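These are my notebook entries on a structure that I have not examined before. I record what I looked up, entry by entry.

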Amino acid sequence: MNLDAKVPSGALKDKWDNHRFEMKLINPANKRKYKIIVVGTGLAGASAAASFAELGYNVEAFTYNDSPRRAHSIAAQGGINAAKNYQNDGDSIWRLFYDTVKGGDFRSREANVHRLAQVSANIIDQCVAQGVPFAREYGGLLDNRSFGGAQVSRTFYARGQTGQQLLLGAYSALMRQVGLNAVKMHVRKEMMDIVVIDGRCRGIVTRDLVTGKIESHVADAVCLATGGYANVFYLSTNAQACNVTSTYRAYKKGAAFANPCFTQIHPTCIPVSGDHQSKLTLMSESLRNDGRIWVPKNQGDKRKPADIPEEERDYYLERKYPSFGNLSPRDISSRSAKQVCDEGRGISATGYGVYLDFAESIGRLGKHVIEERYGNLFEMYERITDENPYETPMMIYPAAHYTMGGLWVDYNLMSTVPGLHVLGEANFSDHGANRLGASALMQGLADGYFVIPYTIGNYLAQNKTDKIGTDHEEFKKAEAESTDKITKLMNIKGKKTPNAFHRELGKVMWDNVGMGRNEAGLKKALVEIPKIREEFWNNLTVTGTNENLNTVLEKANRVADFLEFAEVLAHDALERDESCGAHFREEHQFPDGEAMRNDEKFAHVAAWEYTGVGNKPIRNTEPLVYENIHLAVRSYK
Amino acid sequence: MKIKLIVWRQNSPTDKGRFETYNCDEVSPDMSFLEMLDILNEKLILQGQEPIAFDHDCREGICGACSCTINGVPHGPEKATTTCQLHMRKFKDGDSIYVEPFRAKAFPVIRDLIVDRGAYDRIIAAGGFVSVNTGGAQDANALPISKHYADLAMDAAACIGCGACAAACPNGAAMLFTAAKISQLAFLPQGQPERKKRAIAMIKQMEEEGFGACTNYYECEAACPKEISVRFIAKMNREYMMARMFSE
Ligand SMILES: Cc1cc2nc3c(=O)[nH]c(=O)nc-3n(C[C@H](O)[C@H](O)[C@H](O)COP(=O)(O)OP(=O)(O)OC[C@H]3O[C@@H](n4cnc5c(N)ncnc54)[C@H](O)[C@@H]3O)c2cc1C
Ligand code: FES
């Protein structure tokens, strides 16, 4: 497998400029002759689709939601990073680049991350021009806040609804193009497969979620912007429908899957309350600006938080990491929470929770300031838990949240299948083994607004495609495969629901492939996952028909892919015999519990190649060469 | 808790539809309304019956997908709360609850509790944007915006496009939704160049979609999970009048 990252030559800071100059262009009048398909209309997909149409390409966009405005990006709360240095606190492109590579525990590609930092400033400009109502100071300029893993204030936000406002900005740009008939928007359509002809991706097959119809769509290039796979853990902070289907099926058609084991567990979520739980709700990391995290010093201390005196509280993040304190990166904060709970000092009925306490900042700043900063988050917390966080500390616990892994892409965001590009959370490119807060929105919009509009032209200009129709045999074959898959799911007629299988898989993943991983657990998962999969194909029940809107069938189709993909994830976690970032192998830690990397053996990307269901995939590697950064032990002390 | 659910079932857009009754016996007060439906659905599937179809995704009250009318009120009885954030502790043991789709002429039922809200997307496509292409923007701080207007714009922009306003309105009007977007952009300097054109185009589209007119019932504001204020409707009316009088 060829994993040439195609990183341009020249000094790091010149690479993107050089590349933009060297790329081939397409004459404006010819652009409309090219069709580009964009699957997914979250931040990455909507921004890409709108930008393509503005350039003059012919675009078709797809989402399984009923409107592009509902994509999972809408749920992002805290903010978006950009190296604007508006606060005059020492920020720069270099610092954002450095923080991101370090935050990712030195497992990302230097050139990609540097480009991300470079275009970050343009994103804020673009969004403001669209009318995104970012928070402002009294003088009328933009306000910033701090996020984990950084010592500067570079996070732009719109109350606790930053993702919503950014997505609505991208959505409005997209809808403008829909209104101009430059984008054809397909809603409630799920991508089932990609179609590869003569070695290039030439289209997709979809299922209409209302009529069940399987359809083919031809294009000159395809972009997947279909988000992450954190729902492989069943309970996560992701929206209910988030799934791995599009990227996994592309993987089965030859796209390498990179670093699937890099999954992020977010430290501040509302703890599980019972078996009925369908999702875990995130409490934005921005809360850690003003909230202090603690547990009782003594095991099994069941007193009310207010009755536990200061000296019997352990503000463990402030104690262990005095310089970053409550704003330590996510992986470190999550593991520390697990550690204190494993020691028996956890709170809440289950013992799996820690306090996030605002008493001190309410005392210092006044309730109204806290209310203005986090009012909607506090309300959401109260609605779910029935407790008032102005009066009693929040209870939080880590939950599966984000996936750094994804389809392998080169510097141009193209996968190992020529013509198939991958954007946003769906690709693996920028966050290494751990993503810093407020960097996913930045990456999704960087990919969509400022990277792919250039690089796709370069691809199209150099790859003339023949005219083909949906009657091409490869399309017919892919349609037949998708139809077969649906028929098979409908005809098992067993006794267990798709949700029951998903829950079972999630438990195996959380227990063995979650926050702490070890060889025995991973090997166990590799035995358990195929067992669940086998039962799935023998004992699944799907009610209704294919020809009508069928939520059970939708779910079964997605769970089927999770059940195969989970195995790739576990293989990756087992083979990466080191700890780095969010991938914590218990065998590899310093005496104080910090992750111990093994740069000699693992300073590379692992890109997995499909070899058949149940077979061990092939592990290919792309070495990570650091020419500008010195690999160091990550320290936040 | 024991809860009796009386749920609208409709197989397809052309099916006439009917209410069906279901008994939920083990409802925990900590469950969300949708989690109660999840559990009922799991039971139905195991009995070989088709589950109740409903729209949902984020379950955090932000995506605007969930859309049931509960006891006659879009998103149910709790103020400023979407269906997905409504918890069963707000009901009493033994309660009977009616569950229906959002009803408005412009929102045809697709199945059970799922309706087609594509009309809202088309209203946005008619003018709910600033026509700036990617790449041409000036520095974000080049144009200061007073915090007052930025905050007002944000108040309007908080709309999640769920459709509760139209479902709550006796006239099936989409005024609050349309007004929120028109107001957001009218408060900001970026929205000025297309201000008049936008108001006219969006209102025209709204009427073409079959939404009714506003006769000041204010049911929309009461049902809105994001508490978007009807003041924005007044603003929209002013915007529209000015646009009509002084249109270019
Ligand atoms: C609760 C929460 C809070 C967050 N807060 C922040 C934050 O404050 N700052 C930050 O930077 N990041 C945050 N993140 C992360 C960030 O929101 C996401 O990583 C990012 O929005 C992903 O954007 P995306 O465009 O890649 O994908 P998504 O927004 O997930 O969009 C995926 C799209 O693909 C479509 N799709 C998927 N599969 C298919 C298919 N098979 N067929 C058709 N369509 C398909 C979906 O319909 C959707 O349109 C948060 C995440 C969560 C869960
Ligand atoms: S499911 Fe997203 S708002 Fe209710």
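How do the residues of the shell around ligand 1 divide into nonpolar, polar and charged? I found 15 nonpolar, 18 polar and five charged. In this division Ala, Val, Leu, Ile, Met, Phe, Trp, Tyr, Cys and Pro count as nonpolar, Asp, Glu, Lys and Arg as charged, and the others, including Gly, as polar.

**Entry on conventions.** I note that this is a predicted model, in which local features need pLDDT of at least 70 and side-chain atom pairs count only at pLDDT 80 or more, while totals for chains, interfaces and linings use all residues. Residues are numbered from 1 along each chain as its sequence is written, chains are lettered from A and ligands numbered from 1 in the order in which they are written, and side-chain values use heavy atoms, with hydrogens and water left out.

**Entry on ligand 1.** I located ligand 1 between chains A and B. Of the 38 residues around ligand 1, the nearest are T63(A), S73(A), M191(A), E425(A) and L441(A); a residue is counted as near if one of its heavy atoms lies within 4 Å.

I then looked up polar contacts, meaning pairs of N or O atoms within 3.5 Å; within protein, one atom must be able to donate a hydrogen and the other to accept it, and residues adjacent in sequence count only if both atoms are side-chain atoms. A polar side-chain atom of T63(A) is 2.7 Å from an oxygen atom of ligand 1. A backbone N or O atom of S439(A) lies 3.3 Å from an oxygen atom of the ligand, and a polar backbone atom of Q77(A) is 3.4 Å from a nitrogen atom of ligand 1. Taken alone, ligand 1 exposes 1000 Å², of which the protein buries 98%; these areas come from the Shrake-Rupley method with a 1.4 Å probe.

Elements that give two or more residues to this shell are α2 (43–55), β6, β15 (394–403) and α11 (440–462) of chain A. Helices (H or I, at least four residues) and strands (E, at least two) are DSSP runs numbered from the N terminus. The most is given by β6(A), with three residues.

**Entry on the sheet that holds β6(A).** I followed β6(A) into an open sheet of three strands, ordered β6-β7-β8 and paired antiparallel; two strands pair if DSSP finds at least two bridges between them. Because β6 (189–197) and β8 (214–218) of chain A each have a single partner strand, one side of each is left without a neighbour in the sheet.

β7 (residues 200–208) of chain A pairs with β8(A) over five bridges, and V205(A) stands opposite S216(A). Five residues lie between the strands of this hairpin, where G212(A) takes a positive phi near 80°.

Is β8(A) largely enclosed or open? Five of its five residues are buried, so β8(A) is largely enclosed by the rest of the structure. Buried means under 20% relative accessible area, exposed over 50%, and partly exposed in between (1.4 Å probe, protein chains only). I214(A), S216(A) and V218(A) point one way, E215(A) and H217(A) the other.

**Entry on N30(A).** I found N30(A) in the loop between α1 (15–22) and β1 (35–39) of chain A. N30(A) counts as partly exposed, at 29% relative accessibility. The side chains of N30(A) and K33(A) make a polar contact (2.8 Å).

**Entry on chain B.** I looked up an open sheet of five strands with mixed pairing, in the order β2-β1-β5-β3-β4. Its edge strands are β2 (18–24) and β4 (73–74) of chain B.
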